[in-house]
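I am opening a notebook on a structure that is new to me. I want to set down, entry by entry, what I looked up and what I found.

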Amino acid sequence: MTTAFITHRECMLHDMGAHHPECPERLAAINDRLIAAGLDMYLSFYDAPKATVDQLSRAHPRDYVENVIQSAPQTGIVHLDPDTAMSPGTLAAALRAAGSGILATDLVMSGKAESSFCAVRPPGHHAERAKAMGFCFFNNVAVAAHHALAEHKLERVSIIDFDVHHGNGTEDIFANDMRVQMVSTFQHPFYPYSGADNPAPNMVNVPVKSGTRGDGFREVVTNTWLPALREFKPQLILISAGFDAHYEDDMGSLGLLEADYAWVTEQLKVVAAETANKRIVSILEGGYTLSSLARSVAAHIKVLADL
Ligand SMILES: [Zn+2]
């Protein structure tokens with residue numbers, strides 16, 4: 001069984017200006033590393049389709065989706081939030097990023113792939129129901145989860161989020177929707193300053209202190225994540241795969257290494273084999289130091305694809 005690698009060249013055209021950390025070079029670094037590590041030849045490559053307004057409107061109010069579409073500039077840059085800006089290439093990139101999770105879900109549900117990784121940008125987990133923020137416009141992982149529930153008639157989907165930042169958008173969209181479980185760790189207190197007070201029984205958010213290394217992270221996964229996942233028994237595991245908790249990443253102050261990303265991926269594969277017919281869909285979120293981002297994605301994919 002193969003691992004699908006889903007991306008699109010239009011995801012490189014979203015450009016929030018010189019020196020913005022969420023830059024097109026992130027995807028180039030990942031592609032280069034896959035080739036250098038010899039992983040590319042073992043993956044099935046797919047172009048991300050554009051998500052439709054209907055697909056996006058399962059996670060966001062339709063007027064929010066239409067407002068983002070109408071905000072897209074022909075030239076220059078339009079800010080929707082101090083950190084979150086649209087350039088002429090942004091709308092296509094954002095639609096492809098959300099569409100990647102839809103295709104990824106279809107591939108694992110149909111058995112054409114065992115797992116899928118989406119190398120896309122803009123990221124999504126800070127996008128709330130009706131609010132673009134934190135470099136995010138549409139909540140890619142939430143759109144994929146809703147697609148799995150609506151189109152594939154799943155009853156239980158888990159979203160794992162190991163980005164250094166709390167996935168406030170995913171929490172906003174799914175708090176108290178008992179079909180979806182959110183399981184996360186994040187540096188706290190830190191942007192977006194949410195997540196420490198779980199607002200609903202389907203939220204398993206575990207804040208960790210600045211300076212936490214792999215041993216502390218693995219303890220949370222072993223003691224909190226894995227029991228919660230085994231109790232919920234997801235039929236599909238979605239990962240908000242941010243790699244900005246890496247020791248070398250300038251954005252946060254946690255200390256994960258490639259080996260920690262490989263280890264957590266292995267643990268999630270074991271759960272997926274027990275409850276989800278091995279189905280894992282992983283979608284890129286953060287990760288801003290190009291070298292550690294690319295190495296961490298390669299370590300994650302290597303485990304996903306059993307290489
Ligand atoms: Zn992040």
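Entry on α8 and α9. I began with how these two helices cross, and I found that the crossing of α8 and α9 is right-handed, a crossing being left-handed if the near helix is turned anticlockwise from the far one by less than a right angle, and right-handed if clockwise. I took helices (H or I, at least four residues) and strands (E, at least two) as DSSP runs, numbered from the N terminus. The angle between α8 and α9 is about 30°, and their axes are 8 Å apart; here axes are lines fitted to C-alpha atoms, for helices over the stretch in contact, and angles run from 0 to 180 degrees between N-to-C directions. The two helices are therefore roughly parallel to each other, since angles under 35 degrees count as roughly parallel, over 145 as roughly antiparallel, 65 to 115 as roughly perpendicular and the rest as oblique. Contact means heavy atoms within 4.5 Å, and by that rule the residues of α8 that meet α9 include Tyr 261, Thr 265 and Lys 269, while those on the α9 side include Ser 296, His 300 and Val 303.

Entry on the source. I note that this is a predicted model, in which local features need pLDDT of at least 70 and side-chain atom pairs count only at pLDDT 80 or more, whereas totals for chains, interfaces and linings use all residues. Residues are numbered from 1 along each chain as its sequence is written, and side-chain values use heavy atoms, with hydrogens and water left out.

Entry on α7 and α8. I then turned to helix α7 (residues 214-232), whose axis comes within 11 Å of that of α8 and crosses it at roughly 10°. That makes α7 roughly parallel to α8. Among the α7 residues that meet α8 are Phe 217, Val 221 and Trp 225, and among their counterparts in α8 are Trp 263, Val 264 and Gln 267.

Entry on Val 264. I looked at this residue of helix α8 separately. Val 264 counts as buried at 0% relative accessibility, where buried means under 20% relative accessible area, exposed over 50%, and partly exposed in between (1.4 Å probe, protein chains only). Leaving out residues up to four places away in sequence, Val 264 touches Phe 162, Phe 217, Val 221 and Trp 225. I also noted that Val 264 and Val 303 are 39 residues apart in sequence and 9.6 Å apart in space, C-alpha to C-alpha.

Entry on α1 and α9. Helix α1 (residues 25-36) packs with helix α9 (residues 290-304) at an angle of about 50°, and their axes are 8 Å apart. That makes α1 oblique to α9, and I recorded their crossing as right-handed. The residues of α1 in this contact include Ala 29, Ile 30 and Arg 33, and those of α9 include Leu 293, Val 297 and Ile 301.

Entry on α3. Which residues of helix α3 (residues 62-71) are buried? I found Tyr 64, Val 65, Val 68 and Ser 71. Seen down the axis of α3, these residues fall within an arc of 130°, so they line one face of the helix; the arc is that of the directions from the helix axis to the C-beta atoms. On the other side of α3, Asp 63 and Gln 70 are exposed. The cover over the buried residues includes α2 (53-56), β3 (78-81) and β4 (84-86).

Entry on the backbone. I found a cis peptide bond from Arg 121 to Pro 122, with omega near 0°, and Pro 122 is in the loop between β5 (115-118) and α5 (140-151). Another cis bond joins His 188 and Pro 189, with omega about 0°; Pro 189 is placed in the loop between β7 (180-187) and β8 (203-208). Phe 135 is not a glycine, although its phi is positive at about 75°, and this residue is buried at 11% relative accessibility. Asn 277 also has a positive phi, near 50°, but Asn 277 is exposed, with a relative accessible area of 60%.

Entry on cysteines. How many disulfides does a search of the whole structure find? The search finds 0 disulfides, a disulfide being a pair of cysteine sulfur atoms within 2.5 Å. For Cys 11, the nearest cysteine sulfur is that of Cys 118, 9.5 Å away.
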